[in-house]
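Please look through the sequence and the model below.

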Amino acid sequence: DVSDFRDVFGAAAACSKLMRLDEQKTSHALALCASLAAGVKSNLGSMGKPMHIGNAARSGLLAARLAAEGFTGIPDAIEHKQGFLQLFNGAGHYNVSRIFDKWGTPWDIEMPGIAIKQYACCLSTQAAIDAMIDVTKKYDISPVQVTRAKARVSARRLEHTNRPAPRSALESKLSAHYVLARALLNRKVLLPHFEGDAYLDSSVQALMKRIEVTPLDEATLADKGDSYADVEVILTDGSRLTTSILRPIGHYAGVPLNHELHRAKYLSCVANILAAANIECLYKAVRKIETLGDVRDLTKYLAIP
């Protein structure tokens with residue numbers, strides 16, 4: 001999707017900075033990115049989607065290395081009448097001058113800051129997951145008590161996550177029904193839930209049949225915003241338990257994912273990849289990256305046995 005298109009420019013800018021390219025060569029690197037940006041939402045639920053991000057990083061590095069060797073692009077390749085903005089936004093749907101209205105005051109990395117997804121699935125499902133986990137824990141709900149569970153998210157987000165019967169592990173990452181069933185059953189949504197045949201688990205399959213996901217009404221959408229989600233769980237005794245959330249935890253401006261949740265996400269990502277002895281060392285190295293004397297003091301822990 002569009003965020004994947006933009007990532008190539010960020011990668012090229014970062015590589016240009018690290019390679020100490022001058023203004024002209026950095027300009028060429030960014031111009032080349034306009035011809036290296038690609039990715040379509042139709043590939044959501046396939047291996048093609050995560051490939052977008054990897055390809056953006058690779059293409060950004062390629063652009064910087066080409067520019068360093070004298071390879072050129074058109075300086076206004078982004079804003080040109082046949083350039084990047086015109087191609088991916090269309091006439092009348094962008095304003096170049098707005099890019100500079102608040103340039104660096106502050107930088108996005110400071111405010112709103114870095115937003116980290118807690119769960120290894122589509123961002124469009126994450127607010128609903130947080131809401132479901134919250135109501136499940138708050139009222140100590142057991143799946144056997146649940147007659148029906150309902151969630152509401154914006155129509156834009158539901159368009160690609162309305163998958164009541166995912167057909168693969170990759171597709172389960174984009175199934176609001178599946179992730180909500182996991183949240184209700186396990187009170188957490190973990191990486192192993194999207195591996196192998198986990199999505200075929202009989203308990204989860206049974207719960208998914210009791211989950212309904214619908215779009216927000218226009219009034220709620222206008223009042224609460226596109227990232228809002230609410231959940232209602234109806235119990236066998238007739239009780240109706242509800243909760244809502246404005247946006248996923250860790251995605252509020254200036255309020256990053258707290259240390260405990262951040263560390264949990266890190267551990268879930270590296271547990272089966274890095275050598276056990278390196279996991280804690282890498283974590284500490286990243287935490288003090290601003291004071292490291294040499295980046296190799298960090299990268300040495302990334303070696304895969």
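How many bridges join strand 1 to strand 3, and do the two run parallel or antiparallel? Six bridges join them, and the strands run antiparallel. Strands (E, at least two residues) and helices (H or I, at least four) are DSSP runs numbered from the N terminus, and two strands pair if DSSP finds at least two bridges between them. This is a predicted model, in which local features need pLDDT of at least 70 and side-chain atom pairs count only at pLDDT 80 or more, while totals for chains, interfaces and linings use all residues. Residues are numbered from 1 along each chain as its sequence is written, and side-chain values use heavy atoms, without hydrogens and water.

Strand 3 is also joined to strand 4 by six bridges, again antiparallel. Val 231 stands opposite Thr 243 in strand 4. Four residues lie between the strands of this hairpin, where Gly 238 takes a positive phi near 95 degrees. Seven of the seven residues of strand 3 are buried, so the strand is largely enclosed by the rest of the structure. Buried means under 20% relative accessible area, exposed over 50%, and partly exposed in between (1.4 Å probe, protein chains only).

The largest nonpolar core has 38 residues, of which Ile 129, Met 132, Ile 141, Tyr 178 and Val 233 touch the most other members. Such a core is a set of buried Ala, Val, Leu, Ile, Met, Phe, Trp, Tyr and Cys residues joined through side-chain atoms within 4.5 Å. Elements giving two or more residues to this core include helix 6 (126–138), helix 9 (176–186) and strand 3 (229–235). Apart from it lies another core, of 13 residues, including Phe 9 and Cys 33.

Charged side chains form 12 salt bridges in the structure, a salt bridge being a side-chain nitrogen of Lys or Arg within 4 Å of a carboxyl oxygen of Asp or Glu. In one of them, the closest N and O atoms of Arg 152 and Asp 217 are 2.7 Å apart. This pair links distant parts of the chain, 65 residues apart: Arg 152 is in strand 1, and Asp 217 is in the loop between strand 2 and helix 11 (218–224). Arg 152 is partly exposed, because its relative accessibility is 24%. The bridge partner of Arg 152 in strand 3 is Asp 230.

Another salt bridge joins Arg 157 to Asp 226, at 3.0 Å between the closest N and O atoms. Arg 157 lies in helix 7 (residues 155–158) and Asp 226 in the loop between helix 11 and strand 3, so the pair ties together parts 69 residues apart in sequence.
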